[in-house]
Amino acid sequence: MTLDFSVVTDAWQSLLFGTLGTLFLAFSGMIIAMVIGIAGVVILRMQMWLPSLLVTAFVEVVRNTPFLVQIFFVFFALPLAGIRLNPTMTAVIALGVNGGAYAIEIIRGGVESIPKGQTEAGLALGLHKHEVFRLIVLTPALRAIYPSLSSQFILLTLTTAICTSISAYELTSVGQRIEAETFRSFEVYFTLTGIYLVISLVTMWCLAAIGRWAFSYPQR
């Protein structure tokens, strides 16, 4: 059997748009995940037993169930609630919910690493509790957890491949369509592997550069 990568090169535009679809899912999902993560940590710090219990249950359920099951649940549960979205937007929500559970734990760990004395100093200076959390707790915590959040973003980017199970538009779904039309499985999936690798490496480099720029201030 001879290899024929022309089926891939001929479909470069489709693969490009699929790559952009993957990046859209990843970025959109991570934005939702960060919102959920910060909101969850704020609720946990309020120390109200019922909201804290709900957040803890949410984290445990999401972290201990497969993402494939989660995305199917969201895909079939939303219409039952009267909410009808296209597969791509459903995938964004599922990715955001999944990433949010992990973001809560990552951010919580960073927040708890801030010495309690800094919080007390902020309150002593007359700052409001929200100002103390935003300026004295969250900002230094982001510096500490940035590498973990970066890794989570890359993992979320690779997880988008599972979204093809609900026909969301992304790179793997494009590859499956090309493979079904050409029957060139090795060439297609070898190329997809290379594209995902490039996406991960470029994303890693970009996030590292952003981290060096955003957190270049001296640590005290």
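Two residues are in contact when heavy atoms lie within 4.5 Å. Leaving aside neighbours within four places in sequence, glutamine 152 is in contact with Met30, Gly99, Tyr102 and Ile106. This model is predicted, so local features need pLDDT of at least 70, side-chain atom pairs count only at pLDDT 80 or more, and totals for chains, interfaces and linings use all residues. Residues are numbered from 1 along each chain as its sequence is written, and side-chain values use heavy atoms, with hydrogens and water left out.

Glutamine 152 sits in helix H7 (residues 129-159). Helices here are DSSP runs of H or I, at least four residues, numbered from the N terminus. Glutamine 152 counts as buried because its relative accessibility is 9%. Buried means under 20% relative accessible area, exposed over 50%, and partly exposed in between (1.4 Å probe, protein chains only).

Now turn to the salt bridges. A salt bridge puts a side-chain nitrogen of Lys or Arg within 4 Å of a carboxyl oxygen of Asp or Glu. The whole structure holds five. Glutamate 105 pairs with arginine 63, their closest N and O atoms 3.6 Å apart. This pair links distant parts of the chain: glutamate 105 is in helix H5 (residues 87-112), arginine 63 in helix H3 (residues 49-63), 42 residues apart. Glutamate 105 also forms a salt bridge with arginine 108 (2.8 Å, N to O). These two are separated by about one helical turn, because they are three residues apart in helix H5. Arginine 108 is partly exposed, because its relative accessibility is 26%. Salt bridges that share partners join Arg63, Glu105, Arg108 and Glu112 into one network.
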